[in-house]
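Hi there,

Here is the structure I promised to pass on. Have a look first, and then read my notes below.

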Amino acid sequence: MSDRTLTEAPAPASSRHVDAGDEGYSKDLKSRHINMIAIGGAIGTGLFLGAGGRLAGAGPSLAIAYAVCGVFAFFVVRALGELVLYRPSSGAFVSYAREFMGEKGAYTAGWLYFLNWSTTTVADITAAAVFAHYWSAFTDVPQWVLAFIALAIVLTANLISVKYFGEMEFWFSIVKVSALVIFMLVAIYLVATSHPIDGHTPGLATITDNGGLFPSGVLPMLLVVQGVVFAYASVELCGVAAGETENPEKIMPKAINSIMWRVGVFYVGSVVLLALLLPYTAYSADQSPFVTVFDKLGIPGTAGIMNLVVLTAALSSLNSGLYSTGRILRSMALSGSAPKFTGVMNKGKVPYGGVLFTAAFGVAGVGLNYFMPGEAFEIVLNLASIGILGTWGMVMLCSLFFWHRSKNGLVSRPSYRLPWAPYTQIVTLIFLATVLVLMWCDGGVGRTTVMLVPVIAAALVGGWFLVRGRVAELATPRD
């Protein structure tokens, strides 16, 4: 049976998987929200803060790393988009893992996603605190205090309703995109006119006279890939938001397709321009590269405005993390694989139990900022990368199982599909495994993180034995 035949003959409604975690939500997210959430998910802390240190380490070749990782990020979100069009769910890939891989698959996918966002929450509040220290008014305020304030503000807004989340993310994304567009226009002007910056003349010579595309060799570019993967960590967010969206069949394909060109323009384009403006040695891990450029331009106030923008990016990522984990944990709680209280909703139809559970790990991150302020960001970034790799791997496995079932005539693939299946899923899974190897080769925190993989696996296995009784108890009535 051909895919065309399958598309034109959808499966009976009674054969569709029903997830209890999809009930009770309001459909308050509009097209403009989803489109800007898709942009916000592709532009975050990993670019605004992380690009500085990676440029200093890998040089202009960082643009290649962003381009390659961006392609695979697009494959992941396109695979998730196909599943969303098949069956929109607030449980997203956890719900799909439950349908195609059973409760063990859903349990694994959910807790790997939680590992991703609970650690990313720490990275975001750390970044927010670092950005706030740029202004003299906050220089003497301890980093952990600023991190706690950032968490408290975003958590409060996130608990009100999904509409508030959507509006916050909409305007956060507007600020981020507008700032990047302004930066790129200014950068293009500076390069075109060869306007000097801090004694350097922008242009191709900035790259060729400072070691070329690979100033330290190819290996540094490969070793920063795990950090670049972190930069794309939120691309799956629009899939989670689909469960609270009206007409996802019309909205989602457009939002997902736009991610690819946005990645090309904003990520790759921004890094290329940064490399043309200043030597890669001018950038550092403790300051946003965009702030560095405007700082060295010496135009009063511009560096401060850009720093406010990158602070917004950190708060946006934090906002998204609390939102998405709340929905994922609720899907898991109603199936028995997460604590019961994470499935509770408030009057605003927000799963506040799951949101607060994630925020609790953010509080632990405040402690990390107290004891290790200089290393907090890199430590949690590497841990988050493990969660991201696991989450993306589960999305592609779900997509692979979905494709296989469609070939057997058990499900119907929508017209909006991941191209070149099943080869796309297989190549992406190989890429994700390669990133893990590169983390090991990087040594230091990266190698330590990989050494934690068996510990994470053991924790997942132990946790499963603790919850499997309740999972089986709740699954029996559904079956």
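Let me start with Thr312, which touches Phe172 and Val175, leaving aside residues up to four places away in sequence; contact here means heavy atoms within 4.5 Å. Thr312 sits in helix H15 (residues 302-333), where helices are DSSP runs of H or I with at least four residues, and strands are runs of E with at least two, numbered from the N terminus. With a relative accessibility of 11%, Thr312 counts as buried; the classes are buried under 20% relative accessible area, exposed over 50% and partly exposed in between, using a 1.4 Å probe and protein chains only.

Before going on, please note that this is a predicted model: local features need pLDDT of at least 70, side-chain atom pairs count only at pLDDT 80 or more, and totals for chains, interfaces and linings use all residues. Residues are numbered from 1 along each chain as its sequence is written, and side-chain values use heavy atoms, with hydrogens and water left out.

Now to the charged pairs. The structure holds four salt bridges, each defined as a side-chain nitrogen of Lys or Arg within 4 Å of a carboxyl oxygen of Asp or Glu. One of them joins the side chains of Arg413 and Glu82, at 2.6 Å from N to O. Arg413 belongs to the loop between helix H17 (376-407) and helix H18 (423-441), while Glu82 is in helix H5, so this pair ties together parts that are 331 residues apart in sequence. Both Arg413 and Glu82 are buried.

Another salt bridge links Arg87 and Glu99, with 3.0 Å from N to O. Here Arg87 is in the loop between H5 and helix H6 (92-132) and Glu99 is in helix H6, so the parts tied together are twelve residues apart in sequence. Arg87 and Glu99 are buried too. Glu103 also pairs with Arg98, their closest N and O atoms being 3.2 Å apart, and both Glu103 and Arg98 are buried.

On the surface, Ile64, Val68, Leu213, Phe214, Val218, Leu219 and Leu222 form a nonpolar patch with about 530 Å² of accessible area together. Patches take residues with over 30% relative accessible area and no salt bridge, joining like charges within 9 Å and nonpolar side chains (Val, Leu, Ile, Met, Phe, Trp, Tyr) within 5 Å; the areas come from the Shrake-Rupley method with a 1.4 Å probe, and for residues only the protein chains shown count as cover. Helix H5 (62-86) and helix H10 (219-223) each supply at least two residues of the patch.

Phe214 is in the loop between helix H9 (205-208) and H10, and is partly exposed at 32% relative accessible area. Leaving aside residues up to four places away in sequence, Phe214 touches Ser61, Ile64 and Met221. Phe214 and Leu62 are 152 residues apart in sequence, yet 9.0 Å apart in space, C-alpha to C-alpha.

Finally, the cysteines: a search of the whole structure finds zero disulfides, meaning pairs of cysteine sulfur atoms within 2.5 Å. The cysteine sulfur nearest to that of Cys69 belongs to Cys441, 15 Å away, too far for a bond. Cys69 is buried, with a relative accessible area of 1%, whereas Cys441 is partly exposed at 45%.

Best wishes
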